[in-house]
Amino acid sequence: MRGLKDKIAAVTGAASGIGQAAAKRLAEEGCKVAVLDWNGDGAQATADQIRKADGEALALKVDVSSEDQVEAAFRTIVEKFGRLDILVSNAGIFSGARDNKVDALPKAVWDEIVGVNLTGMYLSCKHGVAAIKATAGKGAVVLTGSPTGMSGCTPANIAYGSSKGGVHGLSRVMAVDHAPEGIRVNVVVPGFTLTPIVRELVADPKVYEWQVQNIPLKRGAEPEEIAGAVAFLASDDASYMTGSFMFVDGGLTAI
Ligand SMILES: NC(=O)c1ccc[n+]([C@@H]2O[C@H](COP(=O)([O-])OP(=O)(O)OC[C@H]3O[C@@H](n4cnc5c(N)ncnc54)[C@H](O)[C@@H]3O)[C@@H](O)[C@H]2O)c1
């Protein structure tokens, strides 16, 4: 893909799943990658995999819902690499067991899920965009959204769906605000993606079949299939895209 070689990219939630695959793909495309996650060992493991493949990576343990930690992480990235060009704001949590219908949802669960999935994205974008503006001057932001931010396709997950709806709103306003500065902002919308937590949930083939019955391609996505779209949106091949939503969902939202 064009324009990724020697760029500096930061990826949140990169210890696992979609974020890990995106960090590795950006490194394959020639980016130097900061791997951010509250799972410090997992972040280190992703950075080690990138280095083993001759890439350059920096692992940082950071909870995206803590402004102090996020601010410090972006300061460290700029100190280490001298610049930031690309932010992939991806860290998120899902708790089918604790999330609920609105009249049964404890506020503490709402606060926790919205705190990571929406406030965490706001904080990552706040300090990530500031770092891009102060160093590279222009760049690209990719946020991980969800079909649940657009439809009620995951019932009884009020906090998760609301947080993702918020991420979609955040991205649109950011896209308009930062277009004059040359910072593009887009959302990748993964469908049912076989990341570790999802693989555990659908280990039973009957549960898997039930999950994929309404997906036209009749299967879940591999994280690498989402990572390709993330790299594309971050690259110069997407130079005329901002404020867009790229669905990588096997046709789920086409129905
Ligand atoms: N897997 C799917 O089917 C699917 C579908 C649509 C959207 N998404 C979204 O994709 C993103 C990645 O999810 P995934 O499926 O790869 O899950 P995952 O659990 O494999 O990865 C999420 C990563 O985020 C990290 N993380 C969680 N909370 C954090 C915090 N407070 N600070 C820093 N790191 C934190 C985790 O440690 C983990 O490494 C999430 O935003 C999720 O909502 C996933």
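**Strand order and helix packing in a predicted model**

Visitor: What is the order of the strands in the open sheet?
Guide: The open sheet has seven strands, with parallel pairing. Their order is S3-S2-S1-S4-S5-S6-S7.

Visitor: Why is one side of strand S3 and of strand S7 left without a neighbour in the sheet?
Guide: Strand S3 covers 56-61 and strand S7 covers 245-248. Both stand at the edges, so one side of each has no neighbour in the sheet. The reason is that each has a single partner strand.

Visitor: What does the twist average from one strand to the next?
Guide: The value is an average, taken from one strand to the next in the sheet. That average twist is 15°.

Visitor: Which residue in S2 is the bridge partner of Thr 12?
Guide: Strand S1 (residues 8-12) and strand S2 (residues 32-37) run parallel and are joined by five bridges. Within S2, the bridge partner of Thr 12 is Leu 36.

Visitor: Which residue in S3 is the bridge partner of Ala 34?
Guide: S2 and S3 are paired in the parallel sense, over six bridges. In S3, Ala 34 has as its bridge partner Leu 58.

Visitor: Which unit do S2, H2 and S3 make?
Guide: Helix H2 (residues 40-52) packs on the sheet and touches S2 and S3. The direction of H2 makes about 180° with that of S3. Together, S2, H2 and S3 form a right-handed β-α-β unit.

Methods:
Residues are numbered from 1 along each chain as its sequence is written. This is a predicted model: local features need pLDDT of at least 70, side-chain atom pairs count only at pLDDT 80 or more; totals for chains, interfaces and linings use all residues. Two strands pair if DSSP finds at least two bridges between them. Helices (H or I, at least four residues) and strands (E, at least two) are DSSP runs, numbered from the N terminus. Axes are lines fitted to C-alpha atoms, for helices over the stretch in contact, and angles run from 0 to 180 degrees between N-to-C directions. Two residues are in contact if their C-beta atoms, placed from the backbone, lie within 7 Å. A crossover is right-handed if, with the strands pointing away from the viewer, the path from the first strand over the helix to the second runs clockwise.
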